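Let's take a walk through a protein together. Keep the picture in view and follow along one piece at a time.

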Amino acid sequence: MLVLSQNCCNETNTTDLQITIEAEQTSESVLSGIPVESAVFISEREMSVERTCCVVTVSESSCSPKLRNPLSCSGVILSEQSGIVLCSGLLFSPFLIDKDCISPNLTALHANNFSNNMQVSIYHADMTADECTGKLSIKNGHQRPPQNAELLMMVNCMEFQKTFQSIFTEAEKWNFYSGDEDAEILFDSNFLSWFAVLRMPGLATGTQRGTLLWVKSTSLIKGQSVFACGSPFGSFCPDLFMSTLSKGIVSNLAGEENALILTDARCLPGTEGGGLFVINGDVQHLVGLITSPLCWKSNEWIGLSLVCSFHLILRNILQAVTSHQSLREISAFMDIPQVSSNANQKPATEKYPMVAVVESGQLWGSGILLNPNIVLTCRHVVNGKTLLQVRVNARERFLTVTGRVLYSSKTSSPYDVAVVQLQEPYSDVVVPQLATSYHLGEDVVLLGYGALGKTCGPSVTSGILSRVITQKNKPVMLQTTCAVQCGASGGAVIRASTGELMGIMSSNTRDFAAKTTYPHLNFSIPLSVLEPLLGRFDQTGDASVFQVLDSVEDEVRRVWRLQIPQSKL
């Protein structure tokens, strides 16, 4: 969400709107779960991702004694026929008449809970049809003026709220605020689970009619490709930024029916309320709404965006309109068909190496299971300890095994490596295939316990192999664009196409002068450095074979020189 100065957007005054409610339909149609073939469609045309995106602006009427700066965010057009739009509820919090009415158990708010001086307007893309194919696309260089809209209701996604509160604890110092400071914006992260249901009558009277298709978040799997669509910077230059796409993957899932989604699709301030989409055949389907494009943990930007399940938002809308007499008229506008999804798709992570949590007292990181007995991790993760706790996520439950450190590289060594032997073998390990070559620009993923840490199993982030640094024609350092957070050290860098293990993650980048972390610039040790030593160890069982890592050449030390205390990075 963005707070814009008065001269950043061209607002039109909103007039009082009278809505004619058509014959009320049964509210069960909201979540009927009917397959595509039998759903009642609003038209024969499905809406493209770009066509669903809009910008919502909330401002103070000109007659108000105290003018606030306009607030803006992205929104999703659910139905062009009924003019229904869904967006982040955070924009509306300064206009609550009674701010003390908000409580964790509150499920919905009516429009009359908000100030009469509040004005809502929506920018949406002007579409043009291709003369040959009839396909709609955004008309470049043309911006429609904003249209008046009204707030129908606010709904609290209770499943998201519950999951959010259990995962993002105060002790870890999470921060989700992404706009300029505004003291009147309610509760910061406590209001992230609220969403606004709007109606734009001008959209309903247009000639273009389209249907937005959606799938349940229960169909999502880690590593699945997704697209985020929103408008960076909200109502600032929407002709330039509206309907901007970003591709990523599902990094992690949490809560009842995957209420909370983390994605590495790169989103910017102002995209709150934008949609997260999955591809089913040639058609995109809405699966979630962006709640926070930027997230910090202990003042470290984690490079992931927070998303709320769309079907659970709809469920909470349904429950609100059926339990509150004053909201039942809204059900007449909520005919949104669901599509069937492929629930049998296999997780992409099945072909990836297994990673575990490695705990050394109060410190912890990640580790790669090379076989039922051996875990590869980082020196700074074991932190000088001899005995560790290794926790393996087995079928959504953690199995804890004691591990003994067989080798930990010296602090003077540029290779931050440790080898741990499990006291009890873990028999379900799939022995990873080790990469023997590296191709600049190839797709890679990182698997480790960053971001959500030990809460929801390992997180997955995607990127490319951005640099391969060699000495004497042998790789000694890999760099990727995957988002790497605290806790991912010791995680696996994996070739996305084959699942081969390419490297062990050592660190991301922190600029100590600017006090800024760069999760998408990171460093890992190529497995080709360790593969000969692991082979010898496998044959002899003698961990002293790894001591050669303590006496590497000066050229290799220079490559890894940013590790030394004198470096600014």
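Before we start, here is one term you'll need: a salt bridge is a side-chain nitrogen of Lys or Arg within 4 Å of a carboxyl oxygen of Asp or Glu. E555 and R558 give us an example, with their side chains meeting at 4.0 Å, N to O. Keep in mind that what you're looking at is a predicted model.

Now look at where that pair sits. Both E555 and R558 belong to helix α8 (residues 554-559), and they are three residues apart, about one turn of the helix. An α-helix has 3.6 residues a turn, so residues three or four places apart point the same way. Are these two partners buried or exposed, or something in between? E555 counts as partly exposed because its relative accessible area is 33%, and R558 is also partly exposed, at 47%. Elsewhere, salt bridges that share partners tie E256, E257 and R315 into one network.

In total, the structure has nine salt bridges. Another one joins E80 and R51, at 2.6 Å from N to O. This pair links distant parts of the chain: E80 is in the loop between β3 (71-79) and β4 (84-88), while R51 is in helix α1 (residues 49-52), 29 residues apart. Buried means under 20% relative accessible area, so E80, at 3%, is buried. R51 counts as buried too, because its relative accessibility is 3%.

Then there's E359, which forms a salt bridge with R391, the closest N and O atoms being 3.5 Å apart. E359 has 16% relative accessibility, so it counts as buried.

Time to step back and see the whole chain. It has eight helices and 31 strands. Of its 569 residues, 56% are buried. If you take the contacts with a separation of 6 or more, 70% of them are between residues 24 or more positions apart.

What about the inside? In soluble globular proteins, nonpolar side chains tend to be buried together. The largest nonpolar core here has 71 residues, and Y415, L530 and F546 touch the most other members. Which helix gives this core its largest share? That is α7 (residues 527-540), with six residues. Apart from this core lies another one, made of 50 residues, including I167, V197, F277 and A320.

Let's zoom in on F546. Leaving out residues up to four places away in sequence, F546 touches Y407, V419, L533, L534 and F537. Some of those names come back when we turn to α7, where L527, V529, L530, L533, L534 and F537 are buried. What covers the buried residues of α7? The cover includes the strands β22 (374-377), β24 (397-408), β28 (474-480), β30 (501-511) and β31 (516-526).

Finally, follow α7 from end to end. This helix has 14 residues and reaches 19 Å from its first C-alpha to its last, close to the 20 Å expected at 1.5 Å a residue. Just after α7 you'll find G541, which takes a positive phi of about 70°.

Notes:
Residues are numbered from 1 along each chain as its sequence is written. This is a predicted model: local features need pLDDT of at least 70, side-chain atom pairs count only at pLDDT 80 or more; totals for chains, interfaces and linings use all residues. Side-chain values use heavy atoms; hydrogens and water are left out. A nonpolar core is a set of buried Ala, Val, Leu, Ile, Met, Phe, Trp, Tyr and Cys residues joined through side-chain atoms within 4.5 Å. Buried means under 20% relative accessible area, exposed over 50%, partly exposed in between (1.4 Å probe, protein chains only). Helices (H or I, at least four residues) and strands (E, at least two) are DSSP runs, numbered from the N terminus. Contact means heavy atoms within 4.5 Å. The expected span of a helix is 1.5 Å times one less than its number of residues.
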